[in-house]
Amino acid sequence: MDGYSRLVAWLKVLLPLMALLLLSTLFLLSRNVDPVTTLPFATTEIDERVSEQQITSPFFSGTTNGGDRVSLTADTMATRSGLNNEAVDLSAQIDLVSGTRIILMSDQGQFDMEENISTLVGNVVITTSSGFNLSSETLIADFDSLLLESPGSVQGFAPFGTIDAGQMRLQREEAGPNAHLVFTNGVKLIYTPQIREE
């Protein structure tokens, strides 16, 4: 047997032994870990999540009666009572059949599952791909029929200037894929003419 063959024969024995030695060292040096103490939640937070059936980073998607795609995400969502859910840091995206996209954001959201009505509350921002960027304190949404309504004042930017109104409604046409924004109750519009570059 030559030197190379002897070396291979020894390595066949030594390498598995070294591997076993390394593995045993890892187990000997590892600390005992209590899985309860390593949970990233405080005891009160765990109790709150269990009692309120809280979900972290929920995601929901579906379609309206007219075929528009709707998706909702939030930081957390909890069931407070009955069929009522509350969400924190809510974001919704509506892709209309016509091609327009509507983005809704708010600090909180309340969902009445029985009436199928959602109420967005606190720093509500409505952005559309057609150029509207509006803000309000409250927005009531019926995602089935695609009806968005702000019972209070709305202000922000439109493609043609700035707008301030007492109320706002976005509703689908009775026939057709389009939806229209309607401003009422003391509308103030400052028109900004578009300058064309030649």
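**Note on charged side chains in the predicted model**

1. Asp 89 is partly exposed, its relative accessible area being 45%. The structure in question is a predicted model, and in it Asp 89 belongs to strand β5, which covers residues 84–95. Together with Asp 75, Asp 107 and Glu 137, Asp 89 forms a negative surface patch.

2. A search of the whole structure gives three salt bridges. One of them joins the side chains of Asp 95 and Arg 69, with an N to O distance of 4.0 Å. Asp 95 is in strand β5 and Arg 69 in strand β3 (residues 69–73), so this pair ties together parts that lie 26 residues apart in sequence.

3. The two partners in that bridge should be read with their accessibility in view. Asp 95 has a relative accessible area of 13% and is therefore buried, the cut-off being under 20%. Arg 69, at 54%, counts as exposed.

4. Asp 95 also meets the side chain of Arg 101 in a salt bridge, at 2.6 Å from N to O. Arg 101 is partly exposed, with 39% relative accessibility.

5. Arg 169 is partly exposed at 30% relative accessibility, and Glu 149 is partly exposed at 27%.

Terms used
Residues are numbered from 1 along each chain as its sequence is written. This is a predicted model: local features need pLDDT of at least 70, side-chain atom pairs count only at pLDDT 80 or more; totals for chains, interfaces and linings use all residues. Side-chain values use heavy atoms; hydrogens and water are left out. Patches are made of residues with over 30% relative accessible area and no salt bridge: like charges are joined within 9 Å, nonpolar side chains (Val, Leu, Ile, Met, Phe, Trp, Tyr) within 5 Å. Accessible areas come from the Shrake-Rupley method with a 1.4 Å probe; for residues, only the protein chains shown count as cover. Lys and Arg count as positive and Asp and Glu as negative; His and the chain ends are not counted. The place of a charge is taken as NZ of Lys, CZ of Arg, CG of Asp or CD of Glu. Helices (H or I, at least four residues) and strands (E, at least two) are DSSP runs, numbered from the N terminus. Buried means under 20% relative accessible area, exposed over 50%, partly exposed in between (1.4 Å probe, protein chains only).
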